[in-house]
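Me: I am new to reading structures, and I would like a close look at one part. Could you take me through the place where the two chains meet, and then show me what surrounds it?

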Amino acid sequence: MAYGFTGKILLVDLTKSEILVEMPSEEFYRQYLGGPGIGLYYLLKNNKRYIDPLGPENTLVFAPGLLTGTSAPSAPRYTVLAKSPLTGALGKSEAGGWWGPELKRAGFDAVVVRGRAPRPVYLWIKDGEAEIRDASHFWGLQTGEVQEGIRRELGDERVQVAQIGPAGEKLVRFANICNNLAHFNGRNGLGAVMGSKNLRAIAVRGTKAVEVKDRSVVKEVLRWVTEQVNIHPLSAALYEHGTPIGITSNNAGGCLPTNNWDYGYFARAEDIGSEELIKNYLIRRGNCFACPIRCKRVVEVKDKDITVDSKYGGPEYEALAALGSNCGISNLKLIIKANELCNRYGLDTISLGMTISFAMKCYEEGIIDKTQTDGLDLRFGNEEVLLPLIEKIANREGLGNVLADGSRAAAARFGKRSEKYLLEVKGQEVPMHDPRVKSGLGLQFALAVNGADHWFAQHDPFFTSRESLGVQAASTIGLGEPVDANDLSFKKVRHVLYTSYLNGVYDMLGVCVFGYVARSLTPLDKLLNLVEAVTGWKTSWWELLKAGERFLAMAKEYNVRQGLTFSEDRLPEKFFTPLKGGSRDGEPGLDRDKFYEAVRLFYEMAGWEVDTGRPAKAKLYELGLDWLIEI
Amino acid sequence: MLITVKFHTALKRYCPQNDGMLQFQYIEGLTVKKLLEQLNLNNGAVGLVLVNGKIASREIQLMRGDYVEIFPIFGGG
Ligand code: SF4
């Protein structure tokens, strides 16, 4: 009897129109748990070297975590993996919402998609059965229409739909995948991979509860979380303000990305902050499956000039900063509309905002002019251009067709040394967090296997003093010593290393970073209780962290096989220059030499080889990954 | 002279006054750390502290008339 997992993996070949089910052993689950562990197993088994990310040979995996679908609190996540068309490295992106739990309830631990359908299709999975269905009539429609259409066609309002929008169909390299219209596998352009396969959606309905060994423990933890949610300072703040709280906090700290990161201070930050959002546009707080925290924003606008439909959710901090301060735009209503438009078309708001701000910078520096911008005046702060640019990018029209390949590709097109205004790692635009105020975040950006990623490891501010919640919460896994936010010594490297394993475990279990320590309330011992109660295994943090390490080693090996090297683990030059504006004006950036020394040390601590970029043979043996050793 | 404390966003719930502003008598030897302790805010909830608009460490000594702003901890979007 399987507990926590269903024991079945769905294998779909769209070229051959073939559907198979694989049933791995329990040992397999104990090694790879779920999410990116299972996903990478199939990617490494199936994928040859140097594949075309938009070719039929790119394997695409949807994999919920081990706890997903049970009533373990805040564990709704699933990971989508494939080779990324934006970075050429591993593409890996998590989403919460409702789709992952539904897939488990439908009887599958993962869906592995290969090949390319000859015409638009969607996959329909219900209670252990799957079929490929025609989606020609949905092609070109916005996400809202397609979700409604699929539910109507299948005659069930409770069908969960993971899908791309028109941007994914058009192979925009930062197209995302959404579920329930408001939860996103946002990063790495995995929507374009779906588009390249002519796969518009995966619709799922499951009516069987996921088997759990000891239901009473799970219930007890859920009860505890529900009780604490309003008391614990972090979860209470997440409920009340959501992630948009970061706008005013970061601005006060002189590190709110403004005008393509030229400044860390935006004079009109309060206009786009969480308090304005709550006061004027918030209609309720949303959540994911079995999560008492409810950190999601649901907004609505019904004005003459702008309407925003609440079914598309609401903006997170990342979207407010990327499309707002980063583009010099302070009109909150417009940003909310831009966010909604991204959700209708299926675009990642971070890469989108960063690609637009890059074009704005190039325009202001005279690298491009109106003959290249379809006549648009791309000055920072010009509100008129935001919505038209989103439409152009989603439809690949004019300048939009250039920007749709991401900022790095746009720089190659613009030429004139425009690449100095880029802020990307491995081709992925950086999220809205400044490494100059937290060095570990810089290491995350540089080292993340999937390009600049802000959840590769935990964030420095939660670990800086004895009172820090992270220090208190993570002492049992060797992180009980405070480390300064700007430290770049071995202590910081170890910290990033250990918490990269921890975040790997979170993804493999499907738990949300906003539900568990250090960013939120549920502690590590309770998470361990949950894993044991759900699976019936006797396990430990040692075993779990080893699984996190295993995931990371697999990801690293995958990247090497796609041609990535040590030299790609770098940061944009901007982060080695002083901050400008606000309370940190003139403070120095990261020390370049110390930073790259720390990157190197990370490799050594992780057991990775600097010259080849891959995990050392001994490390692969240690992690039970001997099947990855090539003679 | 009084010390003024402004609680921002999520920290307002820790302020006895509804508007998030608090004034109290200066005490000799008061540091940012001690101030946060007095306000029951040594619980990890505070990220940034500004004193008269400048970033202040927890060890900084407060002076009469200081304007202290406290912001919730943030990271990870
Ligand atoms: S904390 Fe927020 S994002 Fe995470 S599971 Fe709960 S509602 Fe979803």
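Reply: On the chain B side, strand 3 (46-51) and strand 5 (67-72) each supply at least two of the residues that touch chain A. Helices (H or I, at least four residues) and strands (E, at least two) are DSSP runs, numbered from the N terminus. The touching side of chain B divides into 10 nonpolar, eight polar and three charged residues. In this grouping Ala, Val, Leu, Ile, Met, Phe, Trp, Tyr, Cys and Pro are nonpolar, Asp, Glu, Lys and Arg are charged, and the others, Gly among them, are polar.

A word on how to read all this: the model is predicted, so local features need pLDDT of at least 70 and side-chain atom pairs count only at pLDDT 80 or more, while totals for chains, interfaces and linings use all residues. Residues are numbered from 1 along each chain as its sequence is written, chains are lettered from A and ligands numbered from 1 in the order in which they are written, and side-chain values use heavy atoms, with hydrogens and water left out.

Now for the whole interface. Chain B brings 21 residues to the contact and chain A brings 33, where contact means heavy atoms within 4.5 Å. Together the two chains bury about 2,100 Å², with 61% of it on carbon and sulfur atoms. Buried area is the accessible area (1.4 Å probe) that two parts lose on being put together, summed over both.

There are also two salt bridges between chain B and chain A, a salt bridge being a side-chain nitrogen of Lys or Arg within 4 Å of a carboxyl oxygen of Asp or Glu. In one of them, Lys33(B) pairs with Glu467(A), and the closest N and O atoms are 3.6 Å apart. Glu467(A) sits in the loop between helix 17 (439-447) and helix 18 (469-473) of chain A, and Lys33(B) in helix 1 (residues 32-38) of chain B, so this pair joins two chains. Over all chains, the count comes to 50 salt bridges.

Let's step back to chain A itself. Chain A is divided into domain 1 (9-205), domain 2 (242-429) and domain 3 (439-520 + 540-628), with bounds that come from an automatic or database domain assignment. The C-alpha centres of domain 1 and domain 2 of chain A lie 26 Å apart. In their contact, 36 residues of domain 1 of chain A meet 33 residues of domain 2 of chain A. These two domains bury about 2,800 Å² between them, 55% of it on carbon and sulfur atoms. Gln142(A), Phe174(A) and Arg187(A) supply 25% of the area that domain 1 of chain A buries against domain 2 of chain A, more than any other three residues. Arg187(A) also forms a salt bridge with Asp348(A), at 3.1 Å from N to O.

Finally, look at the ligand. Among the residues around the ligand are Cys288(A), Cys291(A), Cys295(A) and Cys512(A), each having a heavy atom within 4 Å of it. The shell as a whole divides into seven nonpolar residues, one polar and two charged.
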